[in-house]
Amino acid sequence: MNEFNDEEAVGYGKPPKHSQFKPGRTGNPRGRPKKAGKNFASDVQTELGRKVVVRENGREVELTKGAVIVKTLVGKAMKGDVRAWREIRELLPKLFQLQADAKRTSASRDDDAQLLDQFLGLFGAVKEGPTGDPQDTSTTEEPGNVE
């Protein structure tokens, strides 16, 4: 007769009692690692943070995609592109609002808009008039423009 009973049998699929999982316990207490929460905003942020090589002033420079977009937008605004100027004007308060306290008043936002108008006016950029129509503040005309 077998001196071991069925409870003490050890072999394939029958580990010793002392090394078996205790009732109510799992073999993987931490579980499968969860993936980072991916959504559209995090995907965009990841993509804007990736670096690319661009040629600037004859030299190759490594910049993030976000920095390239900002440089392009500011460059267009400085050349008088009304749409680029409006985009910057709309984005700047949002950016500063995220960085500043939540208790900013609307009067200080108007001051920021006036400062931006003055800054862009220094460089001869296109400025919106009181009616919202763009007015050209520069006095030079480009050759070939016939109105």
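Trainee: Among contacts between residues at least 6 apart in sequence, what share joins residues at least 24 apart?
Mentor: The share is 25%. A contact here means heavy atoms within 4.5 Å.

Trainee: Where does this model come from?
Mentor: It is a predicted model, where local features need pLDDT of at least 70 and side-chain atom pairs count only at pLDDT 80 or more, while totals for chains, interfaces and linings use all residues. Residues are numbered from 1 along each chain as its sequence is written, and side-chain values use heavy atoms, with hydrogens and water left out.

Trainee: How many bridges join strand 1 to strand 2?
Mentor: Six bridges join them. The two strands run antiparallel. Strands count as paired if DSSP finds at least two bridges between them.

Trainee: Which residue in strand 2 is the bridge partner of Lys-51?
Mentor: Thr-64 is the partner of Lys-51. Further along, Val-53 has Glu-62 as its bridge partner in strand 2.

Trainee: How many residues sit between strand 1 and strand 2?
Mentor: Two residues sit there, and the strands form a hairpin. Asn-57 is found in that loop.

Trainee: What's the phi of Asn-57?
Mentor: Asn-57 has a phi near 55 degrees. That is a positive value, and the residue is not a glycine. Most residues other than glycine have a negative phi.

Trainee: Is Asn-57 buried or exposed?
Mentor: Asn-57 is exposed, because its relative accessibility is 79%. The cut-offs on relative accessible area are under 20% for buried, over 50% for exposed and partly exposed in between, with a 1.4 Å probe and protein chains only.

Trainee: What about strand 1, then? How many of its six residues are buried?
Mentor: Zero are buried, so strand 1 lies largely in the open.

Trainee: And what percentage of the protein is buried?
Mentor: Buried residues make up 10% of the 147 residues.

Trainee: New topic. Which helix holds Arg-83?
Mentor: Arg-83 lies in helix 3, which spans residues 82–99.

Trainee: Why does Arg-83 count as exposed?
Mentor: Arg-83 counts as exposed because its relative accessible area is 70%.

Trainee: How far apart in space are Arg-83 and Leu-73?
Mentor: From C-alpha to C-alpha, Arg-83 and Leu-73 are 9.3 Å apart. In sequence, ten residues separate Arg-83 from Leu-73.

Definitions and conventions
Helices (H or I, at least four residues) and strands (E, at least two) are DSSP runs, numbered from the N terminus.
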